[in-house]
Amino acid sequence: MTTTTATASTPSPPTAASDRRPAPPRRFGRKSARRRELGAASFLMAPFFLLLVAVFLVPLGTAVYFSFFGADQPGLGFGPERTVFTGLRGYTAVLTDPTFLGGLGRVALYAVVYLPLLVIASLALALLLDSGVARLRSFAQLALFLPHAVPGIIAAVIWLYLYTPGLSPVIEALGQADWHVDFLGVHAVIPSMVNIAVWSNLGYNMIVFYAALQAVPREVIEAAVVDGAGPVRTALRVKTPMVRSSVVMVAMFTMIGALQLFTEPMLLGQSTPTISDRFSPSMYIYDAAFARNNYGLAAAASVVLLVVTIALSFAVTRWTNRAGREEATR
C-alpha cells in the first residue's frame with residue numbers, strides 16, 4: 001500500500017520589492033516651510049521697514065534732491081525768485097563756509113569733552129550700584145534717572161536760569177566767596193552745555209550699563225574673588241570687558257547726539273553773544289532754512305552732516321570690532 005505524504009507548502013520569504021511601501025506624504029514640504037518662514041519674517045519686519053522708509057529714506061531723498069537746487073533772482077535781484085538747478089554748488093558753499101566749518105570744530109570739541117565724561121561717569125555709577133556698596137539702590141536709580149525725564153528744553157531753561165548773572169543763586173553764592181565765574185563766557189560756554197547734557201543723560205545711560213551688568217554671570221565674578229581680585233580689579237578687569245557691547249552702543253549714540261547739538265546753544269544764545277546763530281551745524285541748517293530761506297543750502301548742509309555722522313559711526317564700529325578681536329586672540 002502506497003502512502004502519500006502531503007507536505008505543507010511553506011510561504012516564500014518576502015522579497016525586497018514587497019517591503020517597499022510608499023512613504024506617507026509630507027504635510028509640508030521643505031520649500032513650503034521655508035516660504036512660510038519668510039512670510040512670517042516679512043510680516044513682522046514690515047512695520048520697521050515702513051517706518052524706515054517714512055522717517056529716514058523719504059526725508060533723506062528729499063534733502064538730497066533739494067540740495068541740487070537753489071533760489072535765483074534775475075534782473076539784478078529785482079526779478080521774481082525762481083528755483084534753478086545748481087548742481088554741487090550748494091555742497092561747495094557749505095564746505096567752504098567758515099561758519100559751518102567752525103561749527104563742526106565746536107561740536108568736535110564738545111564731543112571730546114562730553115562723550116568720555118558721560119560714558120565713564122555712567123559706567124562708574126552702574127558699577128557702584130552693581131557692587132552692592134551703595135545703599136538704597138532703587139532710590140538711587142530713581143533719583144539719577146529723574147533728570148532724564150525732564151524734556152531737553154525745560155532742562156536748558158532751568159540751567160539758563162542758574163547760569164544768568166543777577167538771577168542765579170549759584171553765581172550769587174560763588175560771588176560771596178569771592179569767586180566770580182561767567183558760565184556763559186567764551187571759555188566756559190562749552191563746559192556749561194556739557195554740564196546740561198550730562199545732567200540730563202547720566203541716569204539713562206547708567207540704567208543701560210546696570211542692566212548689562214545684571215547679565216554678567218555671577219560665577220565669573222565669584223571665581224575672580226576666589227582668585228584674589230579686589231572690588232576695583234573685579235570691576236575693571238572682569239565686569240567692564242563683559243559689557244563692552246553696551247559701552248560701544250552708548251558711546252556711538254552719545255556721539256551721534258553730540259553732532260546734532262541744537263537745543264542747549266539755541267536757548268543759551270538768548271542770553272549771551274558768545275553763541276551765534278550758527279554756533280553748531282544744526283543751528284547753521286536752521287538759520288539757512290528759516291532765517292535766510294535758502295533751502296538748498298540747508299539741505300546740502302544736512303547731507304554733509306549726515307555723511308560725517310555715518311563716517312564717524314562706521315569708524316567707531318570698525319575700531320571697536322578690531323579691538324575686540326585682538327583681545328579675544330590674546
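**Close-up views of helix packing and nonpolar cores**

**View 1. Residues of α9 and α10 meet in this predicted model.** From α9, the residues V220, I221 and A224 take part, and they meet T234, V238, K239 and M242 of α10. Sorted by class, the contact between α9 and α10 consists of five nonpolar residues, one polar residue and one charged residue.

**View 2. The axes of α9 and α10 cross at roughly 160°.** Two packed helices are described by the angle between their axes and by the distance between those axes. Helix α9 spans residues 218-226 and helix α10 spans residues 231-242; their axes come within 11 Å. Angles over 145 degrees count as roughly antiparallel, and α9 and α10 are therefore roughly antiparallel to each other. Their crossing is right-handed.

**View 3. The largest nonpolar core contains 28 residues.** Those touching the most other members are Y110, Y114, Y163, I190, M193, L268 and F279. At least two residues of this core are supplied by each of the helices α4 (98-131), α6 (152-163), α7 (169-176), α8 (189-214) and α11 (244-259). Helix α8 provides the largest share, eight residues.

Note on methods:
Residues numbered from 1 in each chain as written. Predicted model: local features only at pLDDT ≥ 70, side-chain atom pairs only at ≥ 80, totals over all residues. Heavy atoms only, no water. Axes fitted to C-alpha atoms, helices over the stretch in contact; angles between N-to-C directions. Helix = DSSP H or I, 4+ residues; strand = E, 2+ residues; numbered from the N terminus. Parallel < 35°, antiparallel > 145°, perpendicular 65-115°, else oblique. Left-handed = near helix turned anticlockwise from the far one by under 90°. Contact = heavy atoms within 4.5 Å. Nonpolar A, V, L, I, M, F, W, Y, C, P; charged D, E, K, R; others polar. Core = buried A, V, L, I, M, F, W, Y, C linked by side-chain atoms within 4.5 Å. Buried < 20%, exposed > 50% of the residue type's maximum accessible area, 1.4 Å probe, protein only.
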